[in-house]
Amino acid sequence: MKARCTLGFAPHSGWAAVVAVGGTATHPRVLARERLEMSDAALAGSRQPYHAIEELPPGEAAERLAAFEASAAALATEAIGVLVRTARTAGVEPRAAGILDSSGRRGATLAAILASHALIHTADGQHFREALARGCAALALPVTRIRARDLPAQAARALKRTPRSLAAAVAQLGRELPPPWGADQKSAALLGWLLLARRS
C-alpha cells in the first residue's frame, strides 16, 4: 500500500504556510514544509484585493475582484499541484487537505464588505482561503476547514492527548528542520496530523 500524507494550510494575505504530514496518527512526521505564494507581483493590489478595490465604482470593483480571484486560484492550484506531484514522485499519496479558517463574519454582499473596514480585512483573508480550496478541488483533494481557535480542542479529542502535550509534540516535529518552525507551521502541522488521524 502506498504511503499517504495530508496537507495543512495556514493562510495569510497573499501566501500560506503549508506542511505535509505523513506517518501515522501515533507517529506523525513532517514530510515537507513550504511557503505557498498566491499573489501576483504583476497584478497591483493582489496581496490585499478588497483593500485595492475599496474606492472603485461597484461594477469596476466586481471586475477587478474577479481578476484577483482567478489569479489567486491559478497560483494556488499550480503550487499545490507541485506539492502533490513531488509527494507522488517520492511514493507518498496526498489524501486530504486542511485550511485554517477565521472566525470572521461571512456572507455579506460586496457592497456591504466595501463599506466596512473590518469586513474588508476579513474578506481579504477569506479570499486566499477560497483560492486554496479551489486549488485543492481542482486536484480532487478533499478539503476540511477548521477555525484556528477550534483546532487545539478538536485535535485533542481526535488524538486523545491534551492540548499541552500536542503543542509539545508539534514543537518536537519541527526540531530537526531548519527554520522557520513558528506558529504558522505548527498550526498547519497540527491540522495535518488531525486529518491523518481522521482518515486512518
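The structure is a predicted model, in which local features need pLDDT of at least 70 and side-chain atom pairs count only at pLDDT 80 or more, while totals for chains, interfaces and linings use all residues. Residues are numbered from 1 along each chain as its sequence is written, and side-chain values use heavy atoms, with hydrogens and water left out.

The protein chain has seven helices and five strands; helices (H or I, at least four residues) and strands (E, at least two) are DSSP runs, numbered from the N terminus. From that terminus on, the elements follow the order β-β-β-α-α-β-α-α-β-α-α-α. The radius of gyration is 17 Å, close to the 16 Å that the globule rule gives for 200 residues, so the chain is as compact as a globular protein of that length. Here the radius is taken over C-alpha atoms, and the globule rule is 2.2 Å times the number of residues to the power 0.38. Along the principal axes, the C-alpha atoms fill a box of roughly 55 × 35 × 30 Å. Of the 200 residues, 44% are buried, where buried means under 20% relative accessible area, exposed over 50%, and partly exposed in between (1.4 Å probe, protein chains only). Among contacts (heavy atoms within 4.5 Å) with a separation of 6 or more, 68% join residues 24 or more positions apart.

The strands form an open sheet of five, in the order β3-β2-β1-β4-β5 and with mixed pairing. Two strands pair if DSSP finds at least two bridges between them. At the edges stand β3 and β5 (143-147), each of which pairs on one side only. Neighbouring strands are turned by 25° against each other on average, direction ignored; axes are lines fitted to C-alpha atoms, for helices over the stretch in contact, and angles run from 0 to 180 degrees between N-to-C directions.

Both senses of pairing can be followed in this sheet. Strands β2 and β3 run antiparallel and are joined by nine bridges; they form a hairpin with four residues between them. Within this pair, valine 21 has valine 30 of β3 as its bridge partner. By contrast, β1 (residues 3-11) and β4 (residues 92-101) pair in the parallel sense over seven bridges, and alanine 3 stands opposite valine 92 in β4. Helix α2 (residues 58-89) lies across β1, β2, β3 and β4, running at about 145° to β4.

Strand β4 also holds aspartate 101. With a relative accessibility of 7%, this aspartate counts as buried. Leaving aside residues up to four places away in sequence, aspartate 101 touches Arg106, Gln126, Arg129, Arg145, Ile146, Arg147 and Ala148.

In soluble globular proteins, nonpolar side chains tend to be buried together. A nonpolar core is a set of buried Ala, Val, Leu, Ile, Met, Phe, Trp, Tyr and Cys residues joined through side-chain atoms within 4.5 Å. The largest such core in this chain has 25 residues, and Val19, Leu151, Leu166, Trp181, Leu190 and Trp193 have the most contacts inside it. At least two of its residues come from each of β2 (15-23), α5 (151-159), α6 (163-173) and α7 (183-198), with α7 supplying the largest share, eight residues. A second, separate core of 20 residues includes Leu36, Met38, Ile99 and Leu132.

In α6, the buried residues are Leu166, Ala169, Val170, Ala171 and Leu173. The buried residues of this helix pack against β3 (28-37), α5 and α7.

Three backbone details remain. Most residues other than glycine have a negative phi, and most peptide bonds are trans. The peptide bond from proline 179 to proline 180 is cis, with omega near 5°, and proline 180 is found in the loop between α6 and α7. Alanine 140, in the loop between α4 (117-138) and β5, has a positive phi near 55° and is exposed, with a relative accessible area of 68%. Lysine 160, in the loop between α5 and α6, likewise has a positive phi near 55° and counts as exposed at 74% relative accessibility.
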